[in-house]
Amino acid sequence: MSLPVLVAVMIAATLAGIGAERRWRAEAERRSRATMGLLLAWVLPVVYFVLVSRLHVDLTLLSGLVTGFVVLGVVGTLAWFVSSRLLHLPRATVGAVVLATIVSNTGYFGLPLVRTVLGGDELGPAVAWDSLVAQPTVFISAFAVGAAFGTVGSGEAAGGLGRLLAFLRNPLLWASVLGLLVPGDAPDWAGDVAQVIIVAVLPVGFFVVGVQLSAQGEEGSLLRDPRGRLIPPEVGLVIGLRLAVAPLLVAGTSVALLHLPPGMLLQAAAPTGLNGMLVAHRFGLDFRPVAASIVWTTTIMTVGVLVVTAVT
């Protein structure tokens, strides 16, 4: 699938999700989440196992994963400092800004993009980044942010035990760990099938994005703040940290020390992920900055990649 076709599929799937939510409301949300649950429980773990098993683990790979965690910690801290100390935003908005900065769409956006732009050989490092950096960030750091800054949250969800259990129940994590531990590589045909599935699930992910954006935006525009600004300061902050500071820190570390695989470098620049909005909604954070960040960072990243690939 070419990059323009990939982008067209993303747009069409998002619009289809918006249309479905407006027509079927809660039923569309329920079915889309059920489909995501099916993929996460039964389809993607096998794909991740196959791709990671074909990955040769070395010091560079492990250092790249550590770099990912450190960089997310840095940009998350910057998001908190600027939004709370300089912009003086409400607590629930500060938490939303941090979420939008540290939660990235390395799965339904990053992996198909890596496969399309860089080729199948880079999917292994990209999957490792998604499953061993981005996924734990959601189940540990994002839930911790939600619990710390949120206005609602029940027992297990808001407590450390709940975050730990959610982390341990993540099948993508364990599939990737198992893929790292198995002595042999998955066969070539399994790798080819896994690559096809990675691209095939993209419309499902963006359909859910459309459903959720439509559902959360029923009380007004998600792309404008109460003052009517399309890109308010908090969203501009997320865009800068998510698409500029984070990838530049990873790329700088790579050039200076590690020489990381291109698949990891592209994942470091992935846009804000849908899970940030789900966590914000669950804990009563201000979901509008997260939703707006999803739209803007995805749009900017997509246009940027299109331009770069067109001129190179």
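**Entry 1: the largest pocket**

I looked up which helix contributes most to the lining of the largest pocket, and I found that H2 does, with seven residues. The model I am reading is a predicted one. For the volume of this pocket I noted about 940 Å³. I then turned to its lining, which is made up of 39 residues. Those that lie nearest the centre of the pocket are Met36, Leu40, Phe139, Asn275 and Leu278.

I also recorded which elements give two or more residues to this lining: helix H2 (26-53), helix H5 (106-117), helix H6 (123-149), helix H9 (171-181), helix H11 (202-216) and helix H14 (274-283). Sorted by class, the lining of the largest pocket has 23 nonpolar residues, twelve polar ones and four charged ones.

**Entry 2: the cavities**

I next asked how many cavities of 30 Å³ or more the structure holds, and I found two.

The largest cavity has about 70 Å³ of space. Around this cavity I listed Gly68, Val71, Leu72, Ile102, Ser104, Trp129, Ala134, Arg242, Ala246, Val250 and Ala268 as the lining. H3, H6 and H12 are the elements that give two or more residues to that lining. By class I noted eight nonpolar residues, two polar and one charged.

For the second largest cavity I recorded about 30 Å³ of space. I found it lined by Leu3, Leu6, Val7, Met10, Phe109, Leu113, Thr302 and Val305.

**Entry 3: a nonpolar patch on the surface**

I then moved to the surface, where Val66, Val70, Val74, Leu78 and Leu249 form a nonpolar patch. Together these residues have about 370 Å² of accessible area. Helix H3 (residues 59-86) gives the most to the patch, with four residues.

I looked up Leu249 separately and placed this residue in helix H12 (residues 233-258). Is Leu249 buried or partly exposed? I classed Leu249 as partly exposed because its relative accessible area is 33%, and the partly exposed class lies between the limits of under 20% for buried and over 50% for exposed.

Definitions and conventions:
Residues are numbered from 1 along each chain as its sequence is written. This is a predicted model: local features need pLDDT of at least 70, side-chain atom pairs count only at pLDDT 80 or more; totals for chains, interfaces and linings use all residues. Side-chain values use heavy atoms; hydrogens and water are left out. On a 1 Å grid over the protein atoms alone, a cavity is a set of points where a 1.4 Å probe fits but cannot get out, and a pocket is an open set with protein on both sides within 12 Å along at least five of seven lines; lining residues have an atom within 4 Å of a point. Grid points are joined across faces, edges and corners, and a volume is the space filled by probe spheres set on the points. Ala, Val, Leu, Ile, Met, Phe, Trp, Tyr, Cys and Pro count as nonpolar, Asp, Glu, Lys and Arg as charged, and the others, Gly among them, as polar. Patches are made of residues with over 30% relative accessible area and no salt bridge: like charges are joined within 9 Å, nonpolar side chains (Val, Leu, Ile, Met, Phe, Trp, Tyr) within 5 Å. Accessible areas come from the Shrake-Rupley method with a 1.4 Å probe; for residues, only the protein chains shown count as cover. A salt bridge is a side-chain nitrogen of Lys or Arg within 4 Å of a carboxyl oxygen of Asp or Glu. Buried means under 20% relative accessible area, exposed over 50%, partly exposed in between (1.4 Å probe, protein chains only).
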